[in-house]
Amino acid sequence: MKNILNMKWLDWLKLKRIDWYIIKKFLGTYFFSLALIIVVIVVFDYNEKIDRFATSNATTQEIIFDYYLNLAPYYANTFSALFVFISVIYFTSKLADNSEIIAMFASGISFRRLMKPYMVSAGIIAIMTFALSSYVIPQGNKTRLAFEQQHNKKKKVETAQNVQLNLENNSIVYIERYDSRNNLGWRFSLDRFEGKKLVSRMTANSITHDPESPGKWTAKRWTIRDMQGDKDIIRSSNREPLDTVLPFEPNDFLISEGEQETMTSPELSAYIDKQKSRGISNIKTFEVEYHKRIAMSFAAFILTIIGASLSSRKRKGGMGLSLGVGLALSFSYIMLQTVSAAFAEKMPVVLAVWLPNILFTLIAIYLYRRAPR
């Protein structure tokens, strides 16, 4: 019995000529439409920023290679779900209008069997989307955002106030104000605990970070109080600075807009875990970005099923109705995805990010069952 099942699976996985025909149609339409929209975006973006480029001393090489070659994949990934939907509806409607789908059904191909090349194509797009968003685009975003900060007056976060971190060695750090322009923090304190008991407290009027040496800080006008039973040992100096190594860096609390987009998925996961352990609460945007990359990949399958189910029936009015319904659904998906990310402040992040996929999965199941057989 198991051998028979394995034979059926192997037979199902084999791609036939009709499968390759649909895959080429799907991926060809998808990449062509995506390339067109990227060209349009680049042209409009360049026209909008041409004055800034002219006054910013940016070279042509920087504009092309540092900015636009990194901007194109970013927008390609952003609009990927939309053009999966549009591509499926467009070429499937053409197949239906040309009676090609009717001929397939007449030859004994079921709608379920017809979905095989669609799912293979969606799988290719899903893998590509995940690889781009998780590993390739974050590296390009670093270069692109650095270019924008230098030439497009996009400000980087350089100061922080009332910083409090829980360190791994059962310690709590507090800095009243920090300025990265001179690597200087004011009113510093470091409390060390054993269980719930405070055993040591260090305070300093100011503390300076050494960007060349990870974790190295220099305290000025410092006081250290060690609590040993009933006896306190106090050391202090208003003249001699004190060098110390602490397991945190300024970038742990200086978070710039869009910084989550410059991290690969493994880096995001490690960053989220580290910030949670330190008691930092403003990491929702990082959690949303991490889960959104996975959810966007699965969206290719969901939207492909919806698109194929909608457009596989031949209609009197041609593809206009299918395309209109498809565009409405695709834009509602993107809008819901944007809105649901804002819900992450009031509900679990995973649920907020996956909510559009859950709702559209239900729509996909309904439309799949109503599709022609």
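**Pocket and cores**

Modeller: This is a predicted model. The lining of the largest pocket divides into 16 nonpolar, ten polar and ten charged residues.

Colleague: What volume does the largest pocket have?

Modeller: The volume of the largest pocket is about 930 Å³. It is lined by 36 residues, and the closest to its centre are Tyr74, Thr78, Glu261, Glu289 and Lys292.

Colleague: Which elements give two or more residues to that lining?

Modeller: Those are α2 (17-55), α3 (60-78), α4 (80-97), α6 (111-151), α8 (284-311) and α9 (320-342). With seven residues, α6 gives the most to the lining of the largest pocket.

Colleague: Nice. Switching topic: in the largest nonpolar core, which residues touch the most other members?

Modeller: Phe26, Leu114, Tyr118, Leu303 and Ile306 do, out of 42 residues in that core. At least two residues each come from α2, α4, α5 (100-106), α6, α8, α9 and α10 (349-370).

Colleague: And which of them gives the most to this core?

Modeller: That's α4, with ten residues.

Colleague: Back to Phe26: what is it in contact with, leaving aside its neighbours within four places in sequence?

Modeller: Phe26 is in contact with Val84, Ser87, Val88 and Phe91, and also with Tyr118, Ser121, Ala122, Ile125 and Thr304.

Colleague: How many residues are in the second, separate core?

Modeller: The second core has 20 residues, including Val173, Leu190, Met202 and Ala204.

Key:
Residues are numbered from 1 along each chain as its sequence is written. This is a predicted model: local features need pLDDT of at least 70, side-chain atom pairs count only at pLDDT 80 or more; totals for chains, interfaces and linings use all residues. Side-chain values use heavy atoms; hydrogens and water are left out. On a 1 Å grid over the protein atoms alone, a cavity is a set of points where a 1.4 Å probe fits but cannot get out, and a pocket is an open set with protein on both sides within 12 Å along at least five of seven lines; lining residues have an atom within 4 Å of a point. Grid points are joined across faces, edges and corners, and a volume is the space filled by probe spheres set on the points. Helices (H or I, at least four residues) and strands (E, at least two) are DSSP runs, numbered from the N terminus. Ala, Val, Leu, Ile, Met, Phe, Trp, Tyr, Cys and Pro count as nonpolar, Asp, Glu, Lys and Arg as charged, and the others, Gly among them, as polar. A nonpolar core is a set of buried Ala, Val, Leu, Ile, Met, Phe, Trp, Tyr and Cys residues joined through side-chain atoms within 4.5 Å. Buried means under 20% relative accessible area, exposed over 50%, partly exposed in between (1.4 Å probe, protein chains only). Contact means heavy atoms within 4.5 Å.
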